[in-house]
Amino acid sequence: MTNPDVIIVGGGIGGLAAATGLSRKGLKVRVLEQAPEFGEVGAGIQIAPNCTRILAEYGLLDEAKKQGVLVENMVMKDALDGSVLTRLDLKDMEKRYGTPYMVIHRTDLHALFLNACQDNGVDLRTSQKVTAFENTETGAKVTLEDGSTHEAPQVIAADGLHSVARKLLADDEPVNSAYVAYRGPVATDKVRGNNISETDVVVYVGPRCHFVQYPLRGGDVFNQVAVFESPKARRGEEDWGTPDELDAAFEHTCENVRHGLPHMWRDRWWRMFDRNPISTWVYGNIALLGDAAHPPLQYIAQGAIMAIEDGYVLAEHAAANRSAGGAVDWSTALKAYEAVRAEHCRRVVLSSRAWGELWHLDGAKRERRNEILRARDTYDYGFVDWLYERTALTPAEEPEMFATVPLEAKVR
């Protein structure tokens with residue numbers, strides 16, 4: 001491919017999903033990945049109906065189902081006493097939103113998009129570390145570490161939390177939450193005696209910590225994630241999130257949680273950052289996508305999904321503003337993309353923070369939260385309709401920011 005219509009910087013889930021969407025519309029796409037090969041680090045990922053709906057439109061949902069697990073319930077429990085607080089019936093949710101809620105290994109989801117890009121003729125290039133973005137008279141270009149350049153009418157920066165392109169639009173830095181995540185996928189046979197659920201996503205919420213469990217890869221693998229606030233991070237120490245802090249954070253949790261801790265990876269952990277929302281994502285013919293624009297904390301499981309939605313919306317507007325000769329009116333397409341996505345993703349970032357606070361309450365506020373959650377109707381979707389319906393893909397009036405977080409307001 002000598003003259004791409006679009007260059008995408010970043011070959012993670014967001015970059016490849018955007019390449020999938022754009023190439024499906026007949027655009028010539030080049031993806032530049034700084035690593036020596038395409039791949040994804042991590043374990044499980046939850047994909048809600050707003051994501052599986054897009055997978056269905058891309059023709060990838062059936063394969064995703066084969067790779068993942070169609071879980072039956074989302075169950076929230078108290079991490080201290082193990083009692084059930086509330087539940088979502090995910091089979092009923094599928095009827096409401098049209099596509100399922102499922103879990104899948106991150107590498108498997110990444111591979112789905114990588115294979116789709118290969119099938120669509122996307123120009124996939126590795127060992128391409130981009131150090132600069134620049135607008136030109138005919139579009140935009142990127143400069144690599146070795147001094148070489150790539151040019152196209154449009155450049156999409158899907159270069160993650162530490163985005164180089166974001167610096168063109170915002171003088172900000174990642175926000176440290178002081179929380180850290182440990183992961184631990186393990187053969188299900190090894191934990192079957194730990195009173196686990198092999199059909200559900202189970203979240204134990206506790207004071208300054210939470211623990212997540214769900215099956216992967218047809219149930220053969222069991223995924224566990226332990227998240228906690230680091231006292232060292234709060235004190236400003238550099239060496240934070242270490243295994244001794246992990247053990248201390250969950251020392252007073254229930255037996256089910258403590259049985260899962262020995263299976264966590266202890267040689268690596270993920271410090272949790274987000275960024276404050278920005279409303280401008282477009283700089284000439286350079287546009288941000290995914291974590292480069294809106295990296296959230298993980299409390300509503302929307303980080304990768306928001307990036308996938310970004311790519312879908314961008315592709316739809318590019319196609320809608322393409323002339324008979326094939327040229328895209330990128331100015332109009334990008335204005336529409338930014339108008340649809342920026343406010344919605346702002347809401348996701350801020351709601352994620354608020355739900356994190358709610359999960360980690362202690363004392364009287366924890367007891368009040370539990371009381372409210374236990375009173376919730378299993379089939380009340382008022383707090384997720386805004387997220388799982390199609391409103392994020394089309395211009396729509398957003399309701400009050402924290403209308404989706406009624407519990408947080410009531411606890412306060």
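1. Strand β1, helix α1 (residues 13–24) and strand β2 form a right-handed β-α-β unit. The crossover is called right-handed if, with the strands pointing away from the viewer, the path from the first strand over the helix to the second runs clockwise. Helices (H or I, at least four residues) and strands (E, at least two) are DSSP runs, numbered from the N terminus.

2. The model is predicted: local features need pLDDT of at least 70, side-chain atom pairs count only at pLDDT 80 or more, and totals for chains, interfaces and linings use all residues. Residues are numbered from 1 along each chain as its sequence is written, and side-chain values use heavy atoms, with hydrogens and water left out.

3. Strand β1 (residues 6–9) pairs with β2 (residues 29–32) in the parallel sense, over 4 bridges; pairing requires that DSSP finds at least two bridges between the strands. In this pairing, valine 6 is opposite valine 29. Strand β11 (residues 154–157) is also paired with β1 in the parallel sense, again over 4 bridges, and here isoleucine 8 is opposite isoleucine 156.

4. In a regular strand the side chains alternate between the two faces of the sheet. For β1, both faces are covered: Val6 and Ile8 are buried on one side, and Ile7 and Val9 are buried on the other. Buried means under 20% relative accessible area, exposed over 50%, and partly exposed in between (1.4 Å probe, protein chains only).

5. Across the whole structure, the search finds 25 salt bridges, each defined as a side-chain nitrogen of Lys or Arg within 4 Å of a carboxyl oxygen of Asp or Glu. One network of salt bridges links Arg30, Asp123 and Arg125.

6. Aspartate 244 and lysine 232 form a salt bridge through their side chains, at 3.8 Å from N to O. Aspartate 244 belongs to helix α8 (residues 243–249) and lysine 232 to helix α7 (residues 231–234), so this pair ties together parts that are 12 residues apart in sequence. Lysine 232 is buried, at 14% relative accessible area, whereas aspartate 244 is partly exposed, at 47% relative accessibility.

7. Two further salt bridges deserve a remark on accessibility. Glutamate 198 meets arginine 192 at 2.7 Å, N to O; glutamate 198 is partly exposed at 34% relative accessibility, and arginine 192 is partly exposed at 41%. Arginine 235 meets glutamate 237 at 2.8 Å, N to O; arginine 235 counts as exposed at 56% relative accessibility, while glutamate 237 is partly exposed at 34%.
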